[in-house]
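The sequence and the structure come first.

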Amino acid sequence: MSPYEAAGHSLFEWIPILESVLEPYPAVALVLSSTWCIRPGYSATLKRLPASLRARFIGGTYHRRVHGVDPWNLSMFRTTPRGVQVQEDAQRRKPRQWIALDDDLEGWPDSCRQNLVACDGTTGLSNPEVQHELREKLRSCHVALSARTP
């Protein structure tokens, strides 16, 4: 995180907000969708997070076991819009419900827009409207999943 691009902000500063929003939903699993999956890497990125949040992660949208180590595959992944990366990951994992929180909004497939909670990179989860939308989508997913459970 460049101090020139994000003056006055610190890396992962909104983690407490995310933990608070997720607290009512202990079964929610997370997938890392970020260039951080590539560098410094998935494991190194998780080490920067609190243990309580780290335990929720089940993988990343980029993984060498899935995408291979071929530089061409890595280049193709990097040039694929984030929304398409997320869509492909959801198709591979087949979750019953999913939500994406992202500030990279370019190239999101229309078919996935209802799953997206869009935020601005400079305000992220500190924006009360984003928090509200994320809470509402989490509640809706929970209700949908609870309705399917006998």
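Predicted model: local features only at pLDDT ≥ 70, side-chain atom pairs only at ≥ 80, totals over all residues.

Along the principal axes, the C-alpha atoms fill a box of roughly 45 × 40 × 30 Å.

**Contacts, surface and charge**

Of the contacts between residues at least 6 apart in sequence, 58% join residues at least 24 apart. Of the 150 residues, 35% count as buried. The accessible surface of the protein chain comes to about 9,500 Å², and carbon and sulfur atoms account for 54% of that surface. The protein chain carries 18 positive and 16 negative side chains. The centres of these two sets lie 10 Å apart.

**Helix α1**

Which residues are buried in helix α1 (residues 15-22)? They are Ile15, Leu18, Val21 and Leu22. Seen down the axis of α1, these buried residues fall within an arc of 125 degrees, so they line one face of the helix. An α-helix has 3.6 residues a turn, so residues three or four places apart point the same way.

Leu18 lies in helix α1, while Gln85 lies in helix α6 (residues 82-93). Buried means under 20% relative accessible area. Leu18 has a relative accessible area of 17% and is therefore buried. Gln85, at 7% relative accessibility, also counts as buried. The table lists their contacts, leaving aside neighbours within four places in sequence.

| Residue | Relative accessible area | Residues in contact |
|---|---|---|
| Leu18 | 17% | Leu53, Leu125 and Leu134 |
| Gln85 | 7% | Thr61, Phe77 and Thr80 |

The contacts listed for Leu18 are with Leu53, Leu125 and Leu134. Gln85, for its part, touches Thr61, Phe77 and Thr80. How far apart in space are Leu18 and Ala29, C-alpha to C-alpha? The distance is 13 Å, for two residues that are 11 apart in sequence.

Definitions and conventions. Residues numbered from 1 in each chain as written. Heavy atoms only, no water. Buried < 20%, exposed > 50% of the residue type's maximum accessible area, 1.4 Å probe, protein only. Helix = DSSP H or I, 4+ residues; strand = E, 2+ residues; numbered from the N terminus. Arc of directions from axis to C-beta. Contact = heavy atoms within 4.5 Å. Areas by Shrake-Rupley, 256 points an atom, 1.4 Å probe, with all protein chains shown as cover. Lys, Arg positive; Asp, Glu negative; His and termini not counted. Charge placed at Lys NZ, Arg CZ, Asp CG, Glu CD.
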